[in-house]
Amino acid sequence: MNILERIAYRLMHELKKVAPSKTANLRRSIKVFPYGDGLRITMTHYGKYVEFGTPPHVIKPSKKKALKFKTGGDTVFAKKVRHPGTRPNPFVRNTIMTKLPKIIREEIAR
């Protein structure tokens, strides 16, 4: 295993430790691998929405006439929902800024 592969492996484990997750899907999907002279990070499609957040938006049904969901124990039907958006959770950027420099120093010293 070369130095870039070791750095990628360690960064992947750091990202998996700090990734927010209601289920384990986001954590399981995180992969880091050498790419040219750098690293490539991949994850499930919604990882970008966790990292960068979303603006307020309207959700409409795509295949049915109404949306169906539960809230407060009640089943609700709606033609559209105004979603307030989500705050960003920059776990990738924070990990790169705080953990990656140390990982690189340690692997160079190794």
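These legends accompany a handful of close-up views of a predicted model. In this predicted model, local features need pLDDT of at least 70 and side-chain atom pairs count only at pLDDT 80 or more, while totals for chains, interfaces and linings use all residues. Residues are numbered from 1 along each chain as its sequence is written, and side-chain values use heavy atoms, leaving out hydrogens and water.

View 1. Helices (H or I, at least four residues) and strands (E, at least two) are DSSP runs, numbered from the N terminus. An α-helix has 3.6 residues a turn, so residues three or four places apart point the same way.

**View 2. Helix H4 and its neighbours.** Phe91, Val92 and Thr95 are the buried residues of H4. Seen down the axis, they fall within an arc of 100°, so they line one face of the helix. Their packing partners are H1, helix H2 (25-29), strand E2 (38-42), H3 and H5. Met97 and Thr98 are exposed on the face turned away from that buried side.

**View 3. Glu51 of helix H3 (residues 47-52).** Glu51 counts as buried, at 4% relative accessibility. Its side chain makes a polar contact with the side chain of Arg93 (2.7 Å); such a contact is a pair of N or O atoms within 3.5 Å, where, within protein, one must be able to donate a hydrogen and the other to accept it, and residues adjacent in sequence count only if both atoms are side-chain atoms. Leaving aside neighbours within four places in sequence, Glu51 touches Pro88, Asn89, Pro90, Phe91, Val92 and Arg93.

**View 4. Ser29 in helix H2.** The side chain of Ser29 reaches the backbone nitrogen of Thr44 at 2.9 Å. Beyond its neighbours within four places in sequence, Ser29 is in contact with Thr42, Met43 and Thr44.

Notes:
Buried means under 20% relative accessible area, exposed over 50%, partly exposed in between (1.4 Å probe, protein chains only). Contact means heavy atoms within 4.5 Å. The arc is that of the directions from the helix axis to the C-beta atoms.
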